[in-house]
Amino acid sequence: MPIPVTCRCGTTYNLRDEYAGQVVQCPKCAARIELPAPPVLARQPQADPVFDRDVFLLRQKHLAISEKYTVGDEQNRPILFVQRPVYLARGCLAVLAAVLAFFAVGILVVVLADFMPHEALRVAFIVLGIFVAIAAVVVVLVALQPKRHVYFYRDASKQEQLLEIRQDRKFMPIVQTFTIQDPAGNVLARLRKNSLTDFFRKRWQCFNPDGSLRCIIKEDSLILSLLRRFLGPLFGILRTNFIICEGQTERVIGEFNRKFTILDRYVLDLKADPARTLDRRIALAIGVMLDTGERR
Ligand SMILES: [Zn+2]
């Protein structure tokens, strides 16, 4: 918001808000003009003191089977423990059941094909049967594969849960949606992304529980996005960076970057939102989903 100023000589100016609280000189009469101090924005209270900050460092532990994160503060002291479990036994069971379903359908097709009166009809029946067998595999895999939710805990003991991201559906080939909620089950926000438009510029939408748009998370620039697709990360020069923009005003309120300077951490930086209007739990959930959902 520009600051309107009227000098005592009658000249009026519109000064950029970065001059708030400073003394400037009128270019016309050289008089000193004191500009009003910038408004002190009241900080929105956060759900827990652990969320009451503007910078979070994230790092995935790549060697673990389950995706695990430690979230650190600006000095990289651990403040949260995040886990997205992998259900290995259930996954193996799902694959086994899918293989069985494939053979069951296959044997049935071969047996029934013998009853077909013509050779052409028999070939058509077998081709159809192959498609049915593949469909059976997909159905069984999806049905038996557990949803992969993300859990936020106070520490690695996992005694106290603070936040949760729920995968809304098991099978989300194009549009993926997730629900961010507190441990009591209160919905804080919903996340949505469309894999089809991701080719040009990766983009997530974040909605309030009432369905209104809260913020948009997107790659920092369309040109860089396209260059990344065709050239790859190019030794880190074209690393994917994301910006978080307020839904209505498009004002940038945060960014999510990979910083090699601080031990290869992802940095969720919300200093552009000093009033903390964006619930930090939502911001952290976005950070983890960007890391876990966007291979970079
Ligand atoms: Zn003047």
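Strand S6 and strand S7 (residues 78-84) run antiparallel in this predicted model and are joined by six bridges. Across this pairing, Glu 67 stands opposite Arg 84 in S7. The hairpin of S6 and S7 has five residues between the strands, and in it Asn 76 takes a positive phi near 70 degrees.

S6 (residues 67-72) also pairs with strand S5 (residues 55-60); these two run antiparallel with four bridges between them. Here Leu 57 is found opposite Gly 72 in S6.

Next come the helices H1 and H2. Helix H1 covers residues 88-113 and helix H2 covers residues 119-144; they pack with their axes 8 Å apart, at an angle of about 160 degrees. Because angles over 145 degrees count as roughly antiparallel, H1 is roughly antiparallel to H2. Their crossing is right-handed. On the H1 side, the residues making the contact include Leu 93, Ala 97, Ala 101, Val 105 and Val 109. H2 contributes, among them, Phe 125, Gly 129, Val 132, Ala 136 and Val 140.

In soluble globular proteins, nonpolar side chains tend to be buried together. The largest nonpolar core in this model has 36 residues, and those with the most contacts inside it are Ile 282, Ala 285, Ile 286 and Val 288. Helix H4 (residues 280-293) supplies the largest share of this core, eight residues.

Which residues does Val 288 contact, leaving aside its neighbours within four places in sequence? Val 288 is in contact with Leu 58, Tyr 69, Val 82, Val 150 and Ile 165. Of these, Leu 58 lies in S5, Tyr 69 in S6 and Val 82 in S7.

Note on methods
Residues numbered from 1 in each chain as written. Predicted model: local features only at pLDDT ≥ 70, side-chain atom pairs only at ≥ 80, totals over all residues. Pairing = 2+ DSSP bridges. Core = buried A, V, L, I, M, F, W, Y, C linked by C-beta atoms within 7 Å. Buried ≥ 20, exposed ≤ 12 C-beta atoms within 10 Å, placed from the backbone. Contact = placed C-beta atoms within 7 Å. Axes fitted to C-alpha atoms, helices over the stretch in contact; angles between N-to-C directions. Parallel < 35°, antiparallel > 145°, perpendicular 65-115°, else oblique. Left-handed = near helix turned anticlockwise from the far one by under 90°.
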